[in-house]
Protein chains: 2
Amino acid sequence: MRIPVDLPKSYRLLNHGPTVLVSSAHEGRKNVMAAAWNMPLDFDPPKIAVVIAGETFTRELVEASHEFCLCVPAAEMAALTYKVGSISGRSGDKFETLGITYTKGTVVEAPLVDGCVAWLECRVISEPHFQQAYDLFLGEVVAAWADDRDFREGRWAFSAPGRRTLHHVSGGAFFAPGELLQASED
Amino acid sequence: MRIPVDLPKSYRLLNHGPTVLVSSAHEGRKNVMAAAWNMPLDFDPPKIAVVIAGETFTRELVEASHEFCLCVPAAEMAALTYKVGSISGRSGDKFETLGITYTKGTVVEAPLVDGCVAWLECRVISEPHFQQAYDLFLGEVVAAWADDRDFREGRWAFSAPGRRTLHHVSGGAFFAPGELLQASED
């Protein structure tokens, strides 16, 4: 079940470095792409940074709508994550082509892709120089969600191997998280 | 043995989301802190982004020297990684206090912390607004290195469980990478 994540703790959804799906929507058009290059930027209000290349359809929709969603895919979605990162939404709706189901964001219009372990709905923090010079988009997280099977009480608790996060290596290769190391009791 | 990594492939050292140590040096003073909030920003010339909070000693040294190094710690360095993230270099040289050994960077002055699996020497790309408004530093990677036991021919090949990367969850908890998932043959 999708449960809300306290906004000041939403950085924990990205802190360990997962690859995300960036979803976007504007005036009836929508898209989704993969992005390994993302990170938290602040705790409260929570902000994130993500790289969205200049020529992409996602870039067009994000610049038009000033919104996007970072969906954190599950390991069992590795093939899909690779596919949405390998084709362009300009040549057809990826949701239809790939049979991706979703619900609309609760605050933003961008789709929350079904089957993910977490979702961060974001409003673009307008920084035109960042965007143009570095393809770098900053977002304020305005709603955050997790599947309560996999993230509970502010912590990851993956319910199955296929419900872990994906960490992009290169090409079609991803690491899934292994054991949790505890360097201290904090 | 520390071997050079081709600069256009150096993004692969950060692509899967490891926590890094940010090392810095200026006029005889040096420091090292931990940073989960980092990501690649471009391939060639390679650029990275990292968050360095305003009040830190690292911030002072980086702003003075316009340089830093991202050292990618091994899992066996989890306790050290947690410790350097929990104390300030202003209260004493962390290298002495914690017995951290290092060699000087080959292009920058910042220390390359011994025992890490990879190192990215960076020159700050001056963006004062990014730095002041968001604690966000961009760096051009001017030299990159990896331990050839753990990264070979442009790919991670961790030689032992303790030689994997660290992915910060919260507090003193880190994930280490588990198995490699292959979503395609690419």
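# Exercises on a predicted two-chain model

The area buried between chain A and chain B is about 4,500 Å², and carbon and sulfur atoms give 62% of that area. In chain A, the residues that lose the most area to chain B are A:Trp37, A:Tyr134 and A:Phe175, together 18% of what that side buries.

## Exercise 1. The interface

Task: Describe how chain A and chain B touch, going from residue counts to polar contacts and then to the elements involved.

Solution. 

Step 1. Count the residues on each side: 52 residues of chain A are in contact with 52 residues of chain B.

Step 2. Count the polar links. There are 26 residue pairs in polar contact between chain A and chain B. The rule finds two salt bridges across this interface. In a salt bridge of 2.6 Å, N to O, the side chain of B:Glu179 meets that of A:Arg164.

Step 3. List the elements. On the side of chain A that touches chain B, those giving two or more residues are β4 (38-43), β5 (46-51), α2 (78-84), α4 (128-134), β10 (136-147), β12 (155-156), β13 (167-170) and β14 (173-182) of chain A. β14(A) supplies the largest share, ten residues.

Step 4. Sort by class. The side of chain A that touches chain B holds 31 nonpolar, 13 polar and eight charged residues.

## Exercise 2. Strand β14 in both chains

Task: Which strand of chain B does β14(A) pair with, and in which sense?

Solution. 

Step 1. β14(A) pairs with β14(B) over seven bridges, in the antiparallel sense.

Step 2. A:Phe175 has B:Leu180 in β14(B) as its bridge partner. A:Phe175 is also among the residues of chain A that lose the most area to chain B.

Step 3. Look at the other pairing of β14(B), inside chain B. Strand β13 (residues 167-170) of chain B is joined to β14 (residues 173-182) of chain B by three bridges, and the two run antiparallel. B:Ser170 stands opposite B:Ala173 in β14(B).

Step 4. Inspect the turn. β13(B) and β14(B) make a hairpin with two residues between them, and B:Gly171 in the turn has a positive phi of about 50 degrees.

## Exercise 3. Helix α1 of chain A

Task: Which residues of α1(A) are buried, and what covers them?

Solution. 

Step 1. The buried residues of helix α1 (residues 57-65) of chain A are A:Phe57, A:Thr58, A:Arg59, A:Leu61, A:Val62 and A:Ser65.

Step 2. The cover over these residues includes β2 (20-26), β3 (29-35), β6 (67-72), β9 (118-125), α4 and β10 of chain A.

## Exercise 4. A:Trp119

Task: Is A:Trp119 buried or exposed, and what does its side chain reach?

Solution. 

Step 1. A:Trp119 lies in strand β9 of chain A.

Step 2. A:Trp119 has a relative accessible area of 5%. The cut-off for buried is under 20%, so A:Trp119 is buried.

Step 3. Beyond its neighbours within four places in sequence, A:Trp119 is in contact with residues including A:Arg2, A:Cys69, A:Leu112, A:Val113 and A:Trp145. The side chain of A:Trp119 reaches the backbone oxygen of A:Val113 at 2.9 Å.

Step 4. A:Met39 is 80 residues from A:Trp119 along the chain, and their C-alpha atoms are separated by 14 Å.

## Exercise 5. Backbone exceptions

Task: Find cis peptide bonds and residues other than glycine with a positive phi, and give their places.

Solution. 

Step 1. Start from the rule: most residues other than glycine have a negative phi, and most peptide bonds are trans.

Step 2. In chain A, the peptide bond from A:Asp44 to A:Pro45 is cis, with omega near 0 degrees. A:Pro45 is in the loop between β4 and β5 of chain A.

Step 3. In chain B, the bond from B:Asp44 to B:Pro45 is cis, with omega near 0 degrees. B:Pro45 is in the loop between β4 (38-43) and β5 (46-51) of chain B.

Step 4. B:Glu27, not a glycine, has a positive phi of about 45 degrees. B:Glu27 lies in the loop between β2 (20-26) and β3 (29-35) of chain B, and is exposed at a relative accessible area of 72%.

Step 5. B:Asp135 has a positive phi near 55 degrees. B:Asp135 lies in the loop between α4 (128-134) and β10 (136-147) of chain B, and counts as partly exposed at 23% relative accessibility.

Notes. Residues numbered from 1 in each chain as written. Chains lettered and ligands numbered in written order. Predicted model: local features only at pLDDT ≥ 70, side-chain atom pairs only at ≥ 80, totals over all residues. Heavy atoms only, no water. Pairing = 2+ DSSP bridges. Helix = DSSP H or I, 4+ residues; strand = E, 2+ residues; numbered from the N terminus. Contact = heavy atoms within 4.5 Å. Buried area = accessible area lost by both parts, 1.4 Å probe. Salt bridge = Lys/Arg side-chain N within 4 Å of Asp/Glu carboxyl O. Polar contact = N/O pair within 3.5 Å; in protein donor to acceptor, adjacent residues only side chain to side chain. Nonpolar A, V, L, I, M, F, W, Y, C, P; charged D, E, K, R; others polar. Buried < 20%, exposed > 50% of the residue type's maximum accessible area, 1.4 Å probe, protein only.
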